[in-house]
Amino acid sequence: MYKVYQNPDEEILKEALSRPVQKLKKIKKVVKPILKSVKNKGDIALIKFTREYDHVDLDHLQVSDSEIEAAIQKTSAELKEAISLASENIEKFHRAQQQGLMEVETMPGVVCRRKGVAIEKIGLYVPGGTAPLFSSVLMLAIPARIAGCSEIVLCTPPNKNGEIHPAILYAAKVSGVKTIVKVGGAQAIAAMAYGTKSVPKVYKIFGPGNQYVTAAKQLITQDGVAIDMPAGPSEVAVLADESSNPAFVASDLLSQAEHGIDSQVLLVSTDGAMIDKVRVEVEKQLEQLPRKRVASQSLDNSVAIFVNGKTRAMEIINQYAPEHLILATDDADSLAEKVINAGSIFLGHLTPESVGDYASGTNHTLPTNESALAYSGVSLDSYLKKITFQRLNKEGIRNLGPKVEVMAEAEGLTAHKNAVTLRLKSIENE
C-alpha cells in the first residue's frame, strides 16, 4: 500500500516523488542485439523472436483480410457501438486541431508562410499482453488518418494461437489501418525503424509499451527515426480536499494502478481525514479487482502527501509533472489555471481518468516520467511537419537585403552576403 507523508520538506519530497527505478542500462543491453538482428535478418529474426517471446510459430507476419473479417464477427455489438462512439469523439477533437495555411507579410515585399504537411510513413505500436489496448489503436491511428499520413503500419504481438485480439483488429479497421503485423516488443520497433519484407520502414513511431519497447524507441532515434515522446510506466496524480468523494478518488487511483506493476499513483490532499477515507476505500475496492496483484504492486510504488493549503499542493503537482492529473475538488477550474506541468487534466468530481483513456476525445498517449515538464501528449501536430516558405519581390530584397548583408559579413559568411549582393545589383541594373 502507498506510503503517507505529512508536510514533507524538500529533501523528503524529492524522494517521495521519485518514480520507480528503471534499469535502462541493463535493459538496453538486451535490446541492442534484438535491434541489430532485425536490421540484418529482417523477417527471419522477427519469426525467431516471436517464437522466443510470444511462444508461437508463425508462417506469415501480416494479418490477412480474412482474419480481420473474422475479428469483426467476434466483436460484440455492444463493444462495436462503444468503439464507434469513441472514434467519433476522437475524430471531432482532433479535426478541430486542423490549421490552415499561415501567411504573414513581415515587411513590405517579404511574405512568409507556414504549412502543415503530413509525415508520409507512420508506425504504431500497440501492446497486446496482459491488456489488449485496442483504445490505443483509435488514439494513434485516427489522428494519423486525419493528418493525411499516406502509410500507417500497426505492430502488435500475437497470442499463443498466433492471433491478434479481435478488438484490436476491429479498432484498426474502424481507424483505417491497412497494414497490421503480428510482432511485438523491441523487435517490432526495430522492424518499423529499419524495414523488413513484411514490415514497411516508417519515419516516426508512436505508441506505449513496456520497458523494452521504451528502450528500443530511445535507441532507434540514434538512427534518425523519430518517436512520439520519451515514455515510461503510466501514472496519475489526484488532488483531493474535503469536498472530494473518497470512493471516486480510490477508484481513480486503482484504475491507474492496475495498468502494470511499475505504474505509480500520487494522492495529494489538503485534508488529512480524506487520505484516511481514501485508503479505506482503496483497500475495499482492491479486493474486487481481477488485477488485484498488479494493482497491489503498483500501490507499493505510490505515495499520498498531506499538505497545508492548495498553493503548496499545486507546487508539488507541478514538480511531479504527472501524465494524468485529476483535480477532484469543487474549485477544479480555478486550480487548473495554476497547472504548468501535466499531460492531461481531468476536472471535477465526475470526470474519471477512464473517460480520457477511452472516449472523451482527447488523446491518451501522454508524457510520463517527468516528460510533461517539456513534452505534450500526442495530437494532430504530432503527425505533421511544419514547413515554412518565403518569397521576396524587388521591394522586399531592397528592404531586407542590405541588413542581411551586414549580418552575414559580421558572421564572416561571405557567400551568404554575396547571394544577396548579386540580386541587389541585378535589380539595380534593370
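Three strands form an open sheet in the order β2-β3-β14, with antiparallel pairing; two strands pair if DSSP finds at least two bridges between them. This is a predicted model, in which local features need pLDDT of at least 70 and side-chain atom pairs count only at pLDDT 80 or more, while totals for chains, interfaces and linings use all residues. Residues are numbered from 1 along each chain as its sequence is written, and side-chain values use heavy atoms, without hydrogens and water.

The edges of the sheet are β2 (102–107) and β14 (384–392), each of which pairs on one side only. On average, neighbouring strands are turned by 25° against each other, direction ignored. Strand β3 (residues 110–118) runs antiparallel to β2 and is joined to β2 by 5 bridges. In one of these pairings, Val104 has Cys112 of β3 as its bridge partner. Helix α16 (residues 394–410) lies across β2, β3 and β14, at about 95° to β14.

Cys112 is partly exposed, at a relative accessible area of 21% (buried means under 20%, exposed over 50%, partly exposed in between, with a 1.4 Å probe and protein chains only). The count of disulfides is 0, a disulfide being a pair of cysteine sulfur atoms within 2.5 Å. For Cys155, the nearest cysteine sulfur belongs to Cys149 and is 16 Å away. Cys155 is buried, at 0% relative accessibility.

Elsewhere, the axes of helix α2 (residues 24–41) and helix α3 (residues 43–54) come within 6 Å and cross at roughly 140°. The two helices are therefore oblique to each other (under 35 degrees is roughly parallel, over 145 roughly antiparallel, 65 to 115 roughly perpendicular, the rest oblique).

Conventions. Axes fitted to C-alpha atoms, helices over the stretch in contact; angles between N-to-C directions. Helix = DSSP H or I, 4+ residues; strand = E, 2+ residues; numbered from the N terminus. Contact = heavy atoms within 4.5 Å.
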